Amino acid sequence: MLSYHLVQRHLMTTAWVGGALTGALYGYSVPLLITVVTAIQAVALVLLAVLRGPDAGRR
């Protein structure tokens, strides 16, 4: 099982990387920023569905 501090550290790193990516893409191309954010959200939604499994709604 993952420790709280390990998860917290990874979430903070992800936030920093996401912020840097957003800033860089905003300065470069807003349509590209929208495309990248949409793709990341789609992948996150699929991962959520896969990791929760088919029985998640039955609890």
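How far apart are the end C-alpha atoms of H2, and which span should its 23 residues have at 1.5 Å a residue? The views below answer this and describe the surroundings.

This is a predicted model, in which local features need pLDDT of at least 70 and side-chain atom pairs count only at pLDDT 80 or more, while totals for chains, interfaces and linings use all residues. Residues are numbered from 1 along each chain as its sequence is written, and side-chain values use heavy atoms, with hydrogens and water left out.

**View 1. The length of helix H2.** The protein chain has two helices and zero strands, where helices (H or I, at least four residues) and strands (E, at least two) are DSSP runs numbered from the N terminus. The end C-alpha atoms of H2 are 33 Å apart, which agrees with the 33 Å that its 23 residues should span at 1.5 Å a residue, the expected span being 1.5 Å times one less than the number of residues.

**View 2. The two ends of H2.** At the start of H2, the backbone nitrogen of Leu-32 has a side-chain oxygen of Ser-29 within 3.2 Å. After H2 comes Gly-53, whose phi is positive, near 80 degrees.

**View 3. Gly-23 in helix H1.** Gly-23 lies in helix H1, which covers residues 4-28. Gly-23 counts as partly exposed because its relative accessibility is 45%, given that buried means under 20% relative accessible area, exposed over 50%, and partly exposed in between (1.4 Å probe, protein chains only). Although Gly-23 and Leu-33 are ten residues apart in sequence, their C-alpha atoms are 9.1 Å apart in space.

**View 4. The largest pocket.** A pocket is an open set of points on a 1 Å grid over the protein atoms alone, where a 1.4 Å probe fits, with protein on both sides within 12 Å along at least five of seven lines; lining residues have an atom within 4 Å of a point. Among the residues lining the largest pocket are Thr-14, Leu-21, Leu-33 and Ile-40. The elements that give two or more residues to this lining are H1 and helix H2 (30-52), and H1 supplies the largest share, six residues.

Definitions and conventions
A polar contact is a pair of N or O atoms within 3.5 Å; within protein, one must be able to donate a hydrogen and the other to accept it, and residues adjacent in sequence count only if both atoms are side-chain atoms.
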